[in-house]
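Hello,

Here is the structure I promised to pass on to you. Please open it first, and then read my notes below with the chains in view.

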There are 4 protein chains.
Amino acid sequence: MSNTTQPLKVAVIGAGYWGPNLARNFATSDLWELVAICDLDIQRASALAAKVGHPAVVPNIDQLFNDYEIDAVAIATPARTHHGIAMAAMAAGKHVLVEKPLADTTKAGQEMVDTAATSGLVLMADHTYCYTPAVLKIRELIQSGDLGEILYIDSVRINLGLVQPDVDVFWDLAPHDLSILDFILPEGLSPLTVTAQAADPLGSGKACVGYLSIPLPGGALAHIHVNWLSPTKIRSMVIGGSKRTLVWDDLNPQQRLSIYDRGVDLQCQELTNEDTSDRRNASISYRLGDTWSPALEEFEPLGRMVTQFHSSIQNAQESPTDGRSAMRVLSVLEATSRSLAKGGRRARVIGESLRLAEAN
Amino acid sequence: MSNTTQPLKVAVIGAGYWGPNLARNFATSDLWELVAICDLDIQRASALAAKVGHPAVVPNIDQLFNDYEIDAVAIATPARTHHGIAMAAMAAGKHVLVEKPLADTTKAGQEMVDTAATSGLVLMADHTYCYTPAVLKIRELIQSGDLGEILYIDSVRINLGLVQPDVDVFWDLAPHDLSILDFILPEGLSPLTVTAQAADPLGSGKACVGYLSIPLPGGALAHIHVNWLSPTKIRSMVIGGSKRTLVWDDLNPQQRLSIYDRGVDLQCQELTNEDTSDRRNASISYRLGDTWSPALEEFEPLGRMVTQFHSSIQNAQESPTDGRSAMRVLSVLEATSRSLAKGGRRARVIGESLRLAEAN
Amino acid sequence: MSNTTQPLKVAVIGAGYWGPNLARNFATSDLWELVAICDLDIQRASALAAKVGHPAVVPNIDQLFNDYEIDAVAIATPARTHHGIAMAAMAAGKHVLVEKPLADTTKAGQEMVDTAATSGLVLMADHTYCYTPAVLKIRELIQSGDLGEILYIDSVRINLGLVQPDVDVFWDLAPHDLSILDFILPEGLSPLTVTAQAADPLGSGKACVGYLSIPLPGGALAHIHVNWLSPTKIRSMVIGGSKRTLVWDDLNPQQRLSIYDRGVDLQCQELTNEDTSDRRNASISYRLGDTWSPALEEFEPLGRMVTQFHSSIQNAQESPTDGRSAMRVLSVLEATSRSLAKGGRRARVIGESLRLAEAN
Amino acid sequence: MSNTTQPLKVAVIGAGYWGPNLARNFATSDLWELVAICDLDIQRASALAAKVGHPAVVPNIDQLFNDYEIDAVAIATPARTHHGIAMAAMAAGKHVLVEKPLADTTKAGQEMVDTAATSGLVLMADHTYCYTPAVLKIRELIQSGDLGEILYIDSVRINLGLVQPDVDVFWDLAPHDLSILDFILPEGLSPLTVTAQAADPLGSGKACVGYLSIPLPGGALAHIHVNWLSPTKIRSMVIGGSKRTLVWDDLNPQQRLSIYDRGVDLQCQELTNEDTSDRRNASISYRLGDTWSPALEEFEPLGRMVTQFHSSIQNAQESPTDGRSAMRVLSVLEATSRSLAKGGRRARVIGESLRLAEAN
């Protein structure tokens, strides 16, 4: 279907919010030829096409697969339509890139992953943050052992967001945090349970303020705060390690990452002075070392992502945001919804092995 | 025991971490005469006495109550000793100010409150934040209706803290947040349940990272993040209202409070366009108004607090941080511990009426 | 040459650093048709053309004026070439938009302005900041009297900049500050003198660090700090007024403008207590009022600028960044260079009336 | 007058703005015994004495020198009185610490320095910043060569300040910056000339906004911005070096110092491509390395300062803020006033050698 000298041919399906970003990056990549924009709203598709070198404009996917020779599609439509479009695309022999989340249920997602595996096609999620300089550096620092063991991760992603018609604040924003966790944690994202708290104080019918707790190996804890109602925008993540702690402030371009050689060391000695009222007698010690902020390369993450999509197809190079990674994210999202449905009680995450067991 | 022309006489019990702050404020207040510093560690007591005008130095409370004529005591010893000292003080007819938390159990706290009520003595908690210019202004803005209905409150209080020998991170830090909530919320702090998540990734034997969710009236949610392991210090609170949202950044002296006339308004119209992939079709609208930061008076909160203690005694003026307020804080702390003990399940808050019912 | 129903036709000359921004904005404006990109470096011109809807690619201006029917040109080439290209364009009857600075000498600039006036063509400078929401709001606040009389203006524009082959740091960066001053000051920018200090500590042959003092009416002072060698980026302006003070932090998208109702009021009383060592006896008083941050519209300034260029041509609507405004900026830049040449002594600004007098 | 086992005896003269800070630090130092507070305003002196362990209260220096046995005095009175008090103190055989600036003229200051030298007494200026952890670290980083050659220094010290009855903004605030420069620069502060610009837009009779340019060796430039009229407080210093650049933000306790391994390297190649409009062809290269923020010790600078005063007396240990250092600061201040008097023209700094020559 493709060879090493020719760029691969791709169509972008969905010209709404995210499609233009995908289209622009495919259009400016030497590895890709953007053949078509597909959207029910022809006017919107045409407007986008005009900005990215005038690829064809197609109103539906039947026509797309019938009339155009393409290798792959990039799907940027509402989550509930991902499954149908992706299955049709794979049935037509196309590789598939899907905007997050992969699907609106794990059942649908698993079918997509299975179909890709069976048919030898690439199925990849557009988890954009995994292609940013900051997240790549964080992964490197964790994997090199510079931070030590992970003690806790606290992620905050809040701003005056657009209350979505079809998804709640977890399904809208948390895929970012979850895909990042899956990417940076040595063992990936595979909690057994999660606990979620949420509020819908406007009565919108869905959670607008949400908190998600995810136990990590070794007694560590990840916590995610997502919020559509905050007038200030915060995108930060603190990763506490036994050696050092990393703070990622994505809205501070002058110092996105700070690594603090500072922390608490626990000593094993027993306290014997029972009568003390002095706080300083605790059995711990502090390191108050330097702070370090690594220089980061500058590149557009989506450019890296479309390159990865190409490599995955051309060279069978595994993608860090492949279908199975996307399923781990989806499993946690679904468990989050179950926790909310149970009034904030702990909910089991049904991971791959469980799904297989249940399926059999 | 006192008249309007003479200052009241007070002793500070405990010369450790917080006692010096209390001693300094009593010493510089015209309303008070600091008579004695009491601490088992005489050297420490003497060092403190030397800095605050050389009051007497006393090694224990028996001697204090026997040898000195005082109207009141201020207790700044470890939480587990508050009950014993306060009960002895009230038995000796002294008014009592107690460092937060009021006691280490609600049972102990309730006994203190009951004893104060029976004996006509003032029992007050040193919830210092309730006397800060920022919190006083926040309370005013909520009570005047400027923020509208409260939708959510998100409080973060993290820094490289001192792992305490006797209490976990909730009991150490959350009294601040809880007493503030009790003070600023029109209905006070009286949730039926709370849910807590925590981690002790260092194996210290107690929670070092904690998250607490508190349902508020009308579907609103308060959430508190306390953390001893963060290399960066954050003390912030976001109070989302239906009209405006307030952000309190206590570490930004140049702009502690910001009020955003910005938010999300929900419309009641139904969405009919099912096929949209455009995020902008949601049934909401946005206000993107100005931001406003009120000028705050500058004064030392502890100065206000010792003045309030004086008024409560002299003029029977009710204190916003009286024993009953402190009990509401304590009830939530105890429920937090119960939630943790149950692995993060929702725990009932046993408030005053329940305690009364259970006691009968 | 044009009518109200047809878009005007424009060519962008120069496909280097700034040309692409101009080309993109002309390409996406309904008022304009981007007909050609002109650059000696055909490859660069073609690459740009591919991104903006494939206008024609032309290697030189002779060919441009001969072969293409255009109404206007936008010049984004090095400053020393502006005069030649603009004069040729006006000779060919084209309206002209020029990247800042208008020219590399006031003599050249004046000739351009005079030619435009004589031939009835529009000559406009691309002083982009004058089309930003922040600067438009600042102008409004000054002109409405909200700030009171201007007392001082302090502008800082520093970052790790590109040491330019042909211009020093003043000619590179200060046109921004100067054009903003010309736009926001009620009387425009027309100082009689300026004083400049500079350093070239790398021995690059031109100033890399510069300070410029500009006396304003009524004893006020404007001061500009431009610097290519700063590792941190700052773009801020403080405008002190007799009523309020405005701080513009262009790198803080969440609060670009802050208006402080805070300041110093001078009283006329005489000090009589000669022996005081107390600083608080000074004959002044302070206002410590609120801070206010107006919501700003969001739009792309260059979009507004190309719209203004269109209005100036079509409707003879005067532009705030017309040739005469650009000449005031150029006059100050030239005086800055003269001050530097004299070792930092005060240099006279040769404004329009002086130039006219000297020319006669 | 003193021996190694007894603390030295000191009196603080002036109980206004700064005296209390000195008194508190002498009172809490084991090396000193605070014997008396001297102020014409006895009430003020008494109030201060009550807070620092009840030393004697004395209304004038005659009585002080007659009635009390002291080794040293610390002078915190208005600048114009420093000379008289210090001369009287030295005549009485006392060592002298003087609040900045040393005196109100270099003539007066030189007489003080000469007298101290002749009489073998210590004369030291309270240039507090030279005893802060940040400035000590900056000095270390410069002297170790970590920053390379100094290219420029830009200091900003602005806030809503108290318009002083007797001094302008330079004499009030710039002693801080100048004493820091004298302390951190390998060669100290010894410019041949300075140039100052200022404004008095309120008509207060003295400069309220000021800019001072100081040429440094090797074509480098130091620039100081002092301002009493700014509603926001900034205390920052950028020190550009040939290897690294340091940014000191004194109001950011979490990251006061940042060292950027980032900068511009100039190459010697000639530019030949005359026709380029591309900014990237300049003959320079950029380093975009990491940022590093050293941990700083925490201690009170005035505590260090009174210790230094003790060492200088007891052990004849030279002080970094001795009279000669203070004279270098004073010489620049006086030249600043001369530059202002000449309308901002460059003014010669009359340093020690010149003063000696002129005196002979």
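This is a predicted model: local features need pLDDT of at least 70, side-chain atom pairs count only at pLDDT 80 or more; totals for chains, interfaces and linings use all residues.

Let us start with a single chain. Chain A has 10 helices and 15 strands. Its radius of gyration is 22 Å, close to the 21 Å that the globule rule gives for 360 residues, so chain A is as compact as a globular protein of that length.

Next, how the chains meet. Between chain B and chain A, 55 residues of chain B are in contact with 55 residues of chain A. On the chain B side, several strands each supply at least two residues: β7 (150-160), β8 (193-199), β9 (209-215), β10 (221-227), β11 (229-241), β12 (245-249), β13 (257-266) and β14 (284-293). Which of these gives the most to the side of chain B that touches chain A? That is β11(B), with 6 residues. By residue type, the side of chain B that touches chain A divides into 28 nonpolar, 20 polar and 7 charged residues.

Chain D also touches chain A: here 9 residues of chain D are in contact with 9 residues of chain A. The chain D side of this contact divides into 4 nonpolar, 4 polar and 1 charged.

Now for the symmetry between those two chains. Two copies of a chain are related by a rotation about an axis and a shift along it. For chain D and chain A, a rotation of 180° with 0.0 Å of shift along its axis superposes chain D on chain A, with an RMSD of 0.0 Å. That is the relation of a two-fold axis. The same surface serves both copies, as 100% of the contact residues of chain D recur in chain A. To find the axis on screen, look for D:Trp292: of the residues of chain D, this one comes closest to the rotation axis, at 2.2 Å (C-alpha).

Within chain C, there is a helix pair to look at. Helix α1 (residues 19-28) and helix α8 (residues 301-314) of chain C pack at an angle of about 65°, with their axes 9 Å apart. The two helices, α1(C) and α8(C), are therefore roughly perpendicular to each other. Their crossing is right-handed. From α1(C), the contact is made by C:Asn21, C:Leu22, C:Asn25 and C:Phe26, and from α8(C) by C:Leu302, C:Gly303 and C:Val306. The residues of this contact divide into 4 nonpolar, 3 polar and no charged.

Finally, some backbone details. Most residues other than glycine have a negative phi, and most peptide bonds are trans. In chain C, the peptide bond from C:Lys100 to C:Pro101 is cis, with omega near -10°; C:Pro101 sits in the loop between β5 (95-99) and α5 (106-119) of chain C. As for phi, A:Ala316 has a positive value of about 50° although it is not a glycine. You will find A:Ala316 in the loop between α8 (301-314) and α9 (323-341) of chain A.

Enjoy exploring, and write back with any questions.

Best wishes

Conventions:
Residues are numbered from 1 along each chain as its sequence is written. Chains are lettered from A and ligands numbered from 1 in the order in which they are written. Copies are superposed by least squares on the C-alpha atoms of residues with pLDDT of at least 70 in both. Two residues are in contact if their C-beta atoms, placed from the backbone, lie within 7 Å. Helices (H or I, at least four residues) and strands (E, at least two) are DSSP runs, numbered from the N terminus. Ala, Val, Leu, Ile, Met, Phe, Trp, Tyr, Cys and Pro count as nonpolar, Asp, Glu, Lys and Arg as charged, and the others, Gly among them, as polar. Axes are lines fitted to C-alpha atoms, for helices over the stretch in contact, and angles run from 0 to 180 degrees between N-to-C directions. Angles under 35 degrees count as roughly parallel, over 145 as roughly antiparallel, 65 to 115 as roughly perpendicular and the rest as oblique. A crossing is left-handed if the near helix is turned anticlockwise from the far one by less than a right angle, and right-handed if clockwise. The radius of gyration is taken over C-alpha atoms; the globule rule is 2.2 Å times the number of residues to the power 0.38.
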